[in-house]
Amino acid sequence: MLRAVVTQDSRVKANFADNTVVVLEKSGAAFTVFLPPSNRTQEIQFQGRSQLRGVAGDKADPEPVLQLCEFATSAYASKVAQVLSFRNTYIEEPYFCPLLLSPEVGLQPFQTRYPLPSVHWPRTVAEATSARMLQRA
C-alpha cells in the first residue's frame with residue numbers, strides 16, 4: 001500500500017503500487033476495487049511505419065469490483081486486509097473480519113490504535129437492532 005486516506009465519513013481509499021485503488025465503505029464491511037486500465041499494446045505496421053495500439057478487445061477502464069470483505073476473493077484478499085488493518089488503526093469503531101486472521105494474508109492479528117476495555121456481541125438480531133449495532137445496506 002502506497003497511500004491511504006480516511007475521509008470524514010470514515011471511508012478509506014488506498015492506492016497500491018500496481019495502480020489498483022481499494023475503497024472501503026464506512027462500516028468496513030464492503031469494498032470496491034478499481035483496477036488500472038490495461039497497458040497491453042501491440043505493434044502495428046501501417047504504411048511502413050510502426051505504431052503501438054491497444055490490443056483489440058481490451059477495455060480502457062475495467063469495471064469496478066464490489067465485494068463483501070468477509071468473502072473477498074483471493075485476487076483482492078491481501079490488499080483488502082491491508083486496508084482494513086489501516087482502517088482499524090485510525091477509526092474508533094473497528095470492523096473485525098475473519099480475513100484479517102487468515103494465514104494466507106500474513107498480517108498480524110486484529111489491532112487497533114485505541115484500547116478496547118470491553119467487547120460485546122449481541123446474542124440476537126433483535127438485541128443488535130435495538131442497540132443500533134446492526135446496519136442495513
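**Ground rules**

I number residues from 1 along each chain as its sequence is written, and my side-chain values use heavy atoms, with hydrogens and water left out. Because the model is predicted, local features need pLDDT of at least 70 and side-chain atom pairs count only at pLDDT 80 or more, while totals for chains, interfaces and linings use all residues.

**Entry 1: overall fold**

I looked up the secondary structure. The protein has two helices and seven strands. I take helices (H or I, at least four residues) and strands (E, at least two) as DSSP runs, numbered from the N terminus. Along the sequence the pattern reads β-β-β-β-β-β-β-α-α.

Next I checked burial. Of the 137 residues, 26% count as buried. Buried means under 20% relative accessible area, exposed means over 50%, and partly exposed lies in between (1.4 Å probe, protein chains only). The protein exposes about 10000 Å², and carbon and sulfur atoms supply 52% of that area. Accessible areas come from the Shrake-Rupley method with a 1.4 Å probe; for residues, only the protein chains shown count as cover.

I also looked at contacts, meaning heavy atoms within 4.5 Å. Among contacts between residues at least 6 apart in sequence, 39% join residues at least 24 apart.

**Entry 2**

Two strands pair if DSSP finds at least two bridges between them. Strand 1 and strand 2 pair antiparallel over four bridges. Ala4 has Ala14 of strand 2 as its bridge partner. Five residues lie between these strands in their hairpin, where Ser10 takes a positive phi near 75°.

Strand 2 and strand 3 also run antiparallel, joined by four bridges. Here Ala14 has Val22 of strand 3 as its bridge partner. Val12 stands opposite Leu24 in strand 3. This hairpin has five residues between its strands, and Asn19 takes a positive phi near 70°.

Strand 3 and strand 4 are antiparallel, again with four bridges. Leu24 stands opposite Phe31 in strand 4. Their hairpin has five residues between the strands, and Gly28 in the turn has a positive phi of about 90°.

Ala29 lies in the loop between strand 3 and strand 4. Beyond its neighbours within four places in sequence, Ala29 is in contact with Leu68, Cys69 and Tyr95. Ala29 and Tyr95 are 66 residues apart in sequence, yet 7.1 Å apart in space, C-alpha to C-alpha.

**Entry 2: salt bridges**

How many salt bridges does the structure hold? I found two. My cut-off is a side-chain nitrogen of Lys or Arg within 4 Å of a carboxyl oxygen of Asp or Glu.

One joins Arg11 and Asp9 at 2.8 Å, N to O. Arg11 counts as partly exposed at 36% relative accessibility. Asp9 counts as partly exposed at 35%.

The side chains of Asp18 and Lys79 also meet in a salt bridge, at 2.5 Å, N to O. Asp18 is in the loop between strand 2 and strand 3 and Lys79 is in helix 1, so this pair ties together parts 61 residues apart in sequence. Asp18 is partly exposed at 40% relative accessibility. Lys79 is buried, with a relative accessible area of 19%.

I checked the length of helix 1, residues 77-90. At 1.5 Å a residue, its 14 residues should span 20 Å, and the end C-alpha atoms are 20 Å apart, which agrees. The expected span is 1.5 Å times one less than the number of residues.

Which residues of helix 1 are buried? I noted Ala77, Lys79, Val80, Ala81, Val83, Leu84, Phe86, Arg87 and Asn88. The buried residues of helix 1 pack against strand 1 (3-6), strand 2 (12-15), strand 3 (21-24) and strand 4 (30-34).

Then I turned to the largest nonpolar core, which has 20 residues. Such a core is a set of buried Ala, Val, Leu, Ile, Met, Phe, Trp, Tyr and Cys residues joined through side-chain atoms within 4.5 Å. Phe31, Cys69 and Val80 touch the most other members. Strand 2, strand 3, strand 4 and helix 1 each supply at least two residues of this core. The largest share, six residues, comes from helix 1.

Last, I listed the neighbours of Phe31. Not counting residues up to four places away in sequence, Phe31 touches residues including Val22, Leu24, Leu68, Cys69, Tyr76 and Val80.
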